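Here is a quick look at a fold and at one helix pair inside it. Have the viewer open as you read.

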Amino acid sequence: MEEAFNGSERVGDIVTVFPGAGNLMKAYRIDFCCGGNRTLNEALEEKGIDRTDFLERLNGLYRQARERNIRSVDWRETSSAELIDHIVRTHHAYLREELPLLSDFVTKIWRVHGDAHPELEALHDRFHRMKEELERHLAAEEEKLFPLIRQAERSGTPADGSEAMKAMDEMEAEHGEVGDLLKEMREITRDYRLPEDACRTYMLAFRKLEELEADMFEHIHLENNVLFPKFRSLCASS
Ligand SMILES: [Fe+2]
Ligand SMILES: [Fe+2]
């Protein structure tokens, strides 16, 4: 039987076609949002992951998903306006809810456990840098870039293509910065491994940070690999 993936596909495209691949990539630390332009073969080689092994797992999961007939939305097929609505209602709303809560948790565990676990200071620092960056970033997307994309889609051509391209490049650069901070937080916490003396808040903070990381990956993936390329090709063709 012909396998679905052979490794020559771009990492971001694989997750677009088969969202379930995101979990497997996460487990192998393959960055599919900011590093989504590389082919899977390149990413596997870079990480020293056995290609045959990985492809077997990936194709196995894909077959299972198809057999279970899991239907998920293929965002390449929808309009950009629908995708933007989805991003704002799910991912942006999630961040606006979670960032202030997490800020309290991360501050609290640093205050209470900072002596025994000095790395919590660095975690506090990186988290708040990310929070600040994200708050600005969400507003910039919603107030500037997304309206430009909606307008361009409605009229078939961007009103100011170069302004839109510039805004998009800025957003992509910020995704990279957020991605780097997430990586640093994962290193600082040694993969969110809990110490033996972790209290409930400690556990909750680490669990929520991991959830936030997963949500951010999905969010950046949809923007970098689906929404922005579609808009770029519209700008290029007009
Ligand atoms: Fe966003
Ligand atoms: Fe974004």
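Predicted model: local features only at pLDDT ≥ 70, side-chain atom pairs only at ≥ 80, totals over all residues.

Residues are numbered from 1 along each chain as its sequence is written, while chains are lettered from A and ligands numbered from 1 in the order in which they are written.

The protein has eight helices and zero strands, counting DSSP runs of H or I with at least four residues as helices and of E with at least two as strands, numbered from the N terminus. Here are some whole-protein values.

| Property | Value |
|---|---|
| C-alpha box along the principal axes | roughly 60 × 45 × 30 Å |
| Buried residues (20 or more other C-beta atoms within 10 Å of their own, C-beta atoms placed from the backbone) | 29% of 238 residues |

Now for the pair. Helix H5 (residues 80-113) packs against helix H8 (residues 200-237) at about 150°, and their axes are 9 Å apart. Axes are lines fitted to C-alpha atoms over the stretch in contact, with angles from 0 to 180 degrees between N-to-C directions. H5 and H8 are therefore roughly antiparallel, a label for angles over 145 degrees.

Methods
Parallel < 35°, antiparallel > 145°, perpendicular 65-115°, else oblique. Buried ≥ 20, exposed ≤ 12 C-beta atoms within 10 Å, placed from the backbone.
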